[in-house]
Amino acid sequence: MSFESLQEFYIVAQTLSYAEAAEQLFVSETALSRHIKKLEAELGAPLFYRTTRRVVLTPLGEQLLPYAEKSMKLKTEIHTVLASHFHNEKIHLVISAINITNQYIDLIDLIAKFNLQYPNISIDLITSNRSVSDLAAHDSCELNFAPELAGYTDNHFNRILIRHDQIIAFVPQAHPLATKKVLSLEDLKNERLILISKGSPLFNLCIQACQNHGFTPNVVITMANGSNIRTIVESGNGIGLLLEYPSMQLHDDFPGGTKVVFREFQPPVQVDFNLICKPNLSSASRAFLAFTREYLDHRSS
């Protein structure tokens with residue numbers, strides 16, 4: 001039984017809502033339900049009576065609740081001890097983030113505030129288009145901000161959800177697909193596609209999404225950034241694929257009478273922008289993880 005499982009139980013018990021608790025914990029409702037069931041299996045009895053209309057604590061849940069509350073207070077005390085420890089020992093932390101991370105979270109502000117609380121932890125921020133597999137190969141880097149297809153599971157890494165997003169298409173206005181209100185990925189089967197640089201997380205996401213729908217995409221051009229993709233699409237060379245949230249700025253920058261339209265997919269190609277963490281984190285990485293959870297909690301309140 002871990003602090004994390006007790007924290008999840010405690011938040012569900014406080015809110016009596018899996019949906020609200022999942023939002024506070026920055027996990028999917030499905031994942032939270034799975035974690036609670038695992039805890040119930042470990043204890044040998046249910047903790048909640050759950051119907052379609054409400055969630056109620058069982059007698060065992062009522063008995064466990066004060067202990068879960070004590071564990072939360074103990075966790076806070078542990079963080080206080082860690083903070084004191086870090087003030088007396090110089091520690092180095094390496095964090096990797098893809099170039100568009102600041103579109104999802106104010107990473108500079110997060111790091112600045114973390115460093116004020118833990119001044120003896122020096123931070124090396126690597127900003128690039130690194131993939132999660134690169135993270136695994138980099139011994140000193142335990143934390144990586146990157147997008148993944150929603151629902152993707154990899155037991156080698158833990159995750160904190162930063163924001164939900166989706167892949168959208170940039171379509172030349174003169175293209176036949178521009179007349180459709182929404183697209184399906186199958187619509188792209190025989191199209192010329194323009195993507196972010198090969199090997200980047202977004203490139204890999206687009207390839208994976210297409211392959212999940214039974215075809216290998218015809219990628220004719222890869223570019224370093226979304227603005228360049230927009231320009232190529234305007235020229236009629238093909239259809240561009242980008243993440244919606246970072247693309248909002250590109251949408252705002254389009255002049256009147258643009259030659260490009262934005263189209264969503266149905267069903268949506270959902271993406272989660274996550275803080276992806278190696279297992280067996282160092283004490284410095286655990287401190288950053290806890291601080292990030294609090295930072296996100298304050299942002300959403």
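Predicted model: local features only at pLDDT ≥ 70, side-chain atom pairs only at ≥ 80, totals over all residues.

Residues are numbered from 1 along each chain as its sequence is written, and side-chain values use heavy atoms, with hydrogens and water left out.

A search of the whole structure finds eight aromatic pairs. Rings of Phe, Tyr and Trp (its six-membered ring) pair if their centres lie within 6.5 Å; planes under 30 degrees apart are stacked, over 60 edge-to-face, and the rest tilted.

Select Tyr104 and Phe273: this pair is stacked, 4.2 Å centre to centre with 5° between the planes. Tyr104 sits in the loop between strand E3 (91-97) and helix H5 (107-117), while Phe273 is in strand E11 (residues 269-277), 169 residues apart. Helices (H or I, at least four residues) and strands (E, at least two) are DSSP runs, numbered from the N terminus. Both Tyr104 and Phe273 are buried, meaning under 20% relative accessible area (1.4 Å probe, protein chains only), with exposed over 50% and partly exposed in between.

Next, select Phe170 and Phe262, an edge-to-face pair at 4.4 Å centre to centre and 70° between the planes. Phe170 belongs to strand E6 (residues 158-172) and Phe262 to strand E10 (residues 260-263), so the pair ties together parts 92 residues apart in sequence. Phe170 is buried at a relative accessible area of 0%; Phe262 is buried at 19%.

Now pick Phe114, Tyr118, Phe288 and Phe291, which form one aromatic cluster.

Finish at Tyr18: the charged end of Arg50 sits over its ring, 3.8 Å from the centre. For this, NZ of Lys or CZ of Arg must be within 6 Å of the ring centre and within 35 degrees of the ring normal.
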